Amino acid sequence: MIGDRMDTWRKLRDLRAVDFGTALVVAIAYLLAARLGLVIKAPEGVAQVWPAAGVAVGAMLILRPAVRPLIAVAVIAATVPAALLAGLEIGVGLIYAIANAGEALLVVALIDRWLPRPLTLTDLRSVLGLFGAVAVATCLWQPLIAWALQASGDMAFPFLMLWHRLVWSNVVGILMLAPVLVTLAAALRSPPPRQELIEGTLVLSLHALVSVHAFGLLGVDLGRWIMVAPLSNELPLLLWLAVRSGPLFAAIGSTVLGLAILGSFALGRGRFADPDFTLAERVLATQFGILVTTFVALAIAALIAERKRAEAAARRGEIRSLEDLDRAQAVAHTGSWRLDVNRNELSWSAESHRIFGLPEGTLMTYETFLGTVHPDDRALVDRNWQAAINGVPYDIEHRIVVGGEVKWVRERATLEFDASGKLLGAIGTCQDITDKKAAEQALRDSEERLRTIVDTAVDPIIIINDAGCIESVNPATARIFGYTPAEIVGNNVSMLMDEPYRSEHNGYIRSFLKTGEARIIGIGREVNGRRKDGTSFPADLAVVEWRLDGKRHFTGIMRDISERRRREEQVNLLLKEVNHRAKNMLAVVQAIARLTKGADRDQFVKRFSERIQALAANQDLLVESQWLGVELADLVRSQLAHLGDLIGGRITLEGPALRITARATQPLGMALHELATNAGKYGALSNSDGEVRIAWAIDRDGTGKDSFRLSWTERGGPEVCPPTRSGFGIAVIRDIPRMQLAATVTLDYARGGLTWRFACAAEKLLEHAGGAVETKEPAA
């Protein structure tokens, strides 16, 4: 209950000032309509038509639901004075008012339940729903009024007769006015076309004039026409309004006709005032005539509106289908055309116009089409068209010229003939295949390039199927193995292999196809090939798998490595010999150094041994690089190997990746080793805080020549004091690099730390001597 009160309070709070003004207008309109209904009474004293009910129902249908209670109050407020003016007691008037308000609320409640909002009367279901709701509501509420009238003694007629009169009065009154309000509100929401408004207004005006005349309201004696005038004059105009002008004018037209019928009855003129019929019969005829004409007009208007919507939907569907077809053709780059031979007209779709570069609306003929064809292809197109006339299928690819650009199209057509075999026309398609042609040409070019590469390759290239049979080989295969291509193709590839691969190869393929485990495929290995003369040779073999049309193929590329093997064996033999002899020589030098006598022999031996070991480290690097030079960063690390845990921490290396010559390796390596030894004993690495920075770079001077710079910078060690004499160490780090590499070497004994700088022409030190030096990523 508390919730219901809160809902009621919210609804009242949502009401606006305009809503109260609207309710006041409805109350006044209701009172005036009630006065009109009281003018025309049935024999029982009941209003023949109660138009006030139409005002109440129509207002509730077109206004928002929140205002309906306020409209109900306005109906009650207007009904009570109307009842008092009719001579009814105040109690009966209140019952009358409550019943009328309840009837209107029940009508709109049933319509809300049965039909979608807002009500428009533009389909037969809504018309039938309105009539049904009105019938149900009046039948349920009017017994209350009939009982009140009988109980008060104001009416002495039987209850059923009184109820029957009240139901008819309210039904006719609601259906005379409510449809007008409903359709008028719908027209305000969605105005009809201007032409429809003008036509409807003119026909409605004519309809009103004819109604006034046909029902004798002008006082003109119709004579014998009294029997047919209303029917013969009014129905065609009413049907015109229903068919041509929509539900709004149909509703207004039926209301005008109803008012004319009521006027005929009230003024005692025309057909509905015929004294040959009793008053009760004339009242029933009036009510029935209004009801039937209203239903017929609204039903026909609703059916026509439904048909118009269906036709509009069909047109929209047809337009959408055409648009979808145009979009589909644009996606597929395929247009369509139709030729009418008798009229010499060629109709193209939008995509056809786009393909041929002609504006839509261009007058097309066969000659116009030929004008777009490439001059070199016109004879071909015309020849194929003439052949198609004789029954040959028309399917042709040719070039066209669009804005100076050559394009390719494919055309196909079906020709139509009459019974005598005369050509009537044709329907066909044209597809833009310019991209396809370009792709085909690119594929041909690619195949030609690949064929040239394969044919000119110096290594054998062999293609086999999944059975191991050779499908194709390149010329190098025939040259190296000593066969002709005809002798190889079609045979098992094992014919080109030496044992054990010759016997095991087919098993390799079967195992791979079954398990997918590859031994050679996608991995590569060294094998022995077998020539036609029976000799064998070592080869690198790489095999890849590929598929074509669902079939598996394998491509093998072999490289004869016989010469490489011989060179490798020779080089390895020479390197081992050189390494052995060099180490023997250094061992002898070391032994002699140990036996050297002097005042400080131990110190001399230790220092001299370290220098000899540095030479041995340089020698190892050169041997590993096959005497082709070493990476500078590797040389630095080898000389600082005993300090390797400090590299990247207290010792930093900065510079690009450079490869120095074998000749420069020994003097630079000895100098770096000497600097590292001194730093560990006396310099920045003799304590726990010092740091060493080793940096190198390539500079280019104004003449375009490259120079190499290398620096050793110490910081954070003990205070540096310049030496008082020059010993062997100074010779190693300064004099030897100067003499052997024509370098500039400087020593800076700053108190904060030693700085050693080395500079020389790049061609004296780097493997890129005589040319530009390529700088790669830093070494550290």
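View 1. Of the 73 residues in the largest nonpolar core, Tyr30, Trp50, Leu61, Ile71 and Ile111 touch the most other members. A nonpolar core is a set of buried Ala, Val, Leu, Ile, Met, Phe, Trp, Tyr and Cys residues joined through side-chain atoms within 4.5 Å. Buried means under 20% relative accessible area, exposed over 50%, and partly exposed in between (1.4 Å probe, protein chains only). Helix H7 (residues 159-189) gives the most to this core, with 12 residues. Helices (H or I, at least four residues) and strands (E, at least two) are DSSP runs, numbered from the N terminus. A second, separate core has 40 residues, including Leu632, Leu635, Ala671 and Phe758.

The model is predicted: local features need pLDDT of at least 70, side-chain atom pairs count only at pLDDT 80 or more, and totals for chains, interfaces and linings use all residues. Residues are numbered from 1 along each chain as its sequence is written, and side-chain values use heavy atoms, with hydrogens and water left out.

**View 2. The surroundings of Trp50.** Which residues does Trp50 touch, not counting residues up to four places away in sequence? They are Tyr30, Ala34, Leu38, Tyr96, Asn100, Ser169, Asn170, Gly173 and Ile174. A contact means heavy atoms within 4.5 Å.

**View 3. Helix H4 and its packing.** H4 (residues 68-85) has 18 residues. From first C-alpha to last, H4 reaches 26 Å, close to the 26 Å expected at 1.5 Å a residue. That expected span is 1.5 Å times one less than the number of residues. Buried residues of H4 include Arg68, Leu70, Ile71 and Ala72. The buried residues of H4 pack against helices H2 (17-39), H3 (51-62) and H5 (90-114). Gly87 follows H4, and its phi is positive, near 90°.

**View 4. Thr138 inside helix H6.** Thr138 is found in H6 (residues 124-152). Is Thr138 buried or exposed? At 0% relative accessibility, Thr138 counts as buried. A polar atom of its side chain lies 2.7 Å from the backbone oxygen of Val134. The backbone oxygen of Ala135 lies 3.0 Å from a polar atom of the Thr138 side chain. Beyond four places in sequence, Thr138 is in contact with Glu103, Pro143, Trp163, Val167, Asn170, Val171 and Ile174.

View 5. H14 (residues 378-389) has 12 residues and reaches 17 Å from its first C-alpha to its last, close to the 16 Å expected. Val381, Trp385 and Ala388 are buried. Seen down the axis of H14, these buried residues fall within an arc of 60°, so they line one face of the helix. The arc is that of the directions from the helix axis to the C-beta atoms. An α-helix has 3.6 residues a turn, so residues three or four places apart point the same way. On the other side of H14, Ala379 and Arg383 are exposed. Cover for the buried residues of H14 includes helix H13 (366-372) and strand E1 (334-340). Gly391 follows H14, with a positive phi near 105°.

**View 6. Glu691 in strand E14.** Glu691 lies in E14 (residues 691-700). Glu691 is partly exposed, with a relative accessible area of 47%. Glu691 and Gly753 are 62 residues apart in sequence, yet 9.5 Å apart in space, C-alpha to C-alpha.

How values were computed. Polar contact = N/O pair within 3.5 Å; in protein donor to acceptor, adjacent residues only side chain to side chain.
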